[in-house]
Amino acid sequence: MKFTTRCKKLVTAVVFIVNVFIGLTLLTRPALAEIVKVTMHAMENKVVIDNKGTTYDSWNFDGAMPGPVVRVKEGDTVDFTLINDKTNQKSHSMDFHAAVVDVLSEFTPVKPGETSHYTFQANYPGVFMYHCGAESMAEHIARGMFGIIIVDPKGGYNDAYPKPDREYVLIQSQLFSHASDHHALMENTGWKNALINGKVFHYDPVHDPNATLSLQAKPGELVRVYFVNANINMPVALHPIAGIWERVYPNGNPKNILYGMATYNVAVSEASTCDIVSPADHATNNAIVDHTMGAAHRGAITVLMNTPDADPKLGKGKNILLR
Ligand SMILES: [Cu+2]
């Protein structure tokens with residue numbers, strides 16, 4: 001063998017070993033904290049609130065009820081900008097329940113045509129509601145100014161917090177016929193429907209023939225539901241009919257674990273994580289309901305189909321909040 005050929009082989013071998021070393025280092029080190037820029041527009045527009053196309057005068061973030069899913073890692077810094085479009089009539093604000101800041105500065109309302117900006121470090125893993133806090137807060141939430149921020153734990157998955165096969169966001173809210181009637185909001189009268197991710201019977205083809213979506217998973221898969229109670233006044237009795245929550249993580253923090261829960265009571269403004277695993281040997285369905293009957297029959301029923309031909313794209317990546 002010529003000297004140059006031997007030299008080339010040696011260099012190739014060294015490069016290979018270095019690459020393997022770098023690869024292993026990247027795989028084993030904890031994820032580095034990042035600065036995550038999030039910009040939202042406060043908007044006042046009509047949104048569709050059922051499966052047949054009925055519209056509603058909504059105030060919201062980025063044009064939809066609920067607003068966009070924000071997802072960061074524990075330790076990340078969220079660099080947030082709220083733009084209140086000048087075409088709007090109302091002042092709006094942003095209150096992230098994942099933030100530890102000053103209510104009078106960071107969460108202060110901004111007028112139409114103005115912008116607010118603040119940063120916070122997401123130091124607690126879990127799931128959290130966000131919402132507008134401008135006066136009257138009840139009306140701003142009732143009209144649709146809410147959403148979820150997911151803070152994934154920096155330690156990743158483990159036996160007590162296993163990697164899910166599918167993830168779904170479900171955000172329940174109350175639809176008031178007259179959201180500007182603040183007395184009705186305070187007295188909890190005149191609420192017409194329960195919305196799941198902004199629509200009545202959104203994922204329930206059993207109770208609404210117009211429903212085209214449902215949650216899907218394969219039999220035996222671990223389905224993780226990130227649930228937010230964005231109601232104005234009512235707790236949610238969250239129950240997966242024909243199933244049991246394998247684990248519930250109150251506030252989504254992996255350190256908080258409840259096992260084998262049939263019904264989990266979700267306080268107003270609470271966000272929590274609920275895991276469910278269906279039987280692996282045959283197809284089944286669950287109906288995830290607010291067992292408070294007045295809410296279930298007003299629209300808070302979601303069908304989870306556990307079937308071998310489940311759409312492989314649902315409950316993954318960007319498809320965790322189905323619109
Ligand atoms: Cu607002």
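Modeller: Two strands are said to pair if DSSP finds at least two bridges between them. Strands themselves are DSSP runs of E with at least two residues, helices are runs of H or I with at least four, and both are numbered from the N terminus. This is a predicted model, in which local features need a pLDDT of at least 70 and side-chain atom pairs count only at 80 or more, while totals for chains, interfaces and linings use all residues. Residue numbers start from 1 along each chain as its sequence is written.

Biologist: How do you know that β13 is joined to β18, and by how many bridges?

Modeller: Four bridges join the two strands, which run antiparallel. At least two are needed, so the term "pair" applies. Strand β13 (residues 236–241) and β16 pair over three bridges, in the antiparallel sense.

Biologist: What is the order of strands in the open sheet of five?

Modeller: The order is β11-β19-β18-β13-β16, with mixed pairing. Within that sheet, β18 (residues 284–290) and β19 (residues 301–306) are paired antiparallel over six bridges, and Asn285 stands opposite Met305 in β19.

Biologist: What makes β2 and β6 edge strands in the sheet of four?

Modeller: That open sheet has the order β2-β1-β4-β6 and mixed pairing. Both β2 (55–61) and β6 (115–121) have a single partner strand, so one side of each lacks a neighbour in the sheet. For β2, the pairing is with β1 (residues 35–48), which runs antiparallel to it over seven bridges; Tyr56 in β2 is the bridge partner of Val47.

Biologist: Why is β12 called largely enclosed?

Modeller: A residue is buried if 20 or more other C-beta atoms lie within 10 Å of its own, exposed if 12 or fewer do, and partly exposed in between, with C-beta atoms placed from the backbone. Seven of the eight residues of β12 are buried, so the strand is largely enclosed by the rest of the structure. Strand β9 (residues 166–176) runs parallel to β12 and is joined to it by seven bridges, with Val169 opposite Tyr226. Strand β17 (residues 271–277) runs antiparallel to β12 and is also joined to it by seven bridges, with Ala271 opposite Val228. Across the protein chain, buried residues make up 41% of 323.

Biologist: Is Asp62 buried, exposed or in between, and how do you know?

Modeller: Asp62 has 14 C-beta neighbours inside 10 Å, so it counts as partly exposed. Asp62 sits in the loop between β2 and β3 and has a positive phi, near 65°.

Biologist: How do you know that domain 1 touches domain 2?

Modeller: The bounds, 35–152 for domain 1 and 166–306 for domain 2, come from an automatic or database domain assignment. Residues are in contact if their C-beta atoms, placed from the backbone, lie within 7 Å. By that rule, 26 residues of domain 1 are in contact with 32 residues of domain 2. On the domain 1 side, β7 (126–131), α2 (137–142) and β8 (146–152) each supply at least two residues.

Biologist: Where in the protein chain is confidence lowest?

Modeller: Confidence is given as pLDDT, the predictor's value for each residue, from 0 to 100. The mean for the protein chain is 94, and 90% of residues reach 70 or more. The lowest mean, 55, belongs to helix α1 (residues 3–28), and the highest, 99, to strand β12 (residues 222–229). Over residues 24–28 the pLDDT is below 50, and beyond near neighbours in sequence this stretch has zero contacts in the model.

Conventions: Contact = placed C-beta atoms within 7 Å.
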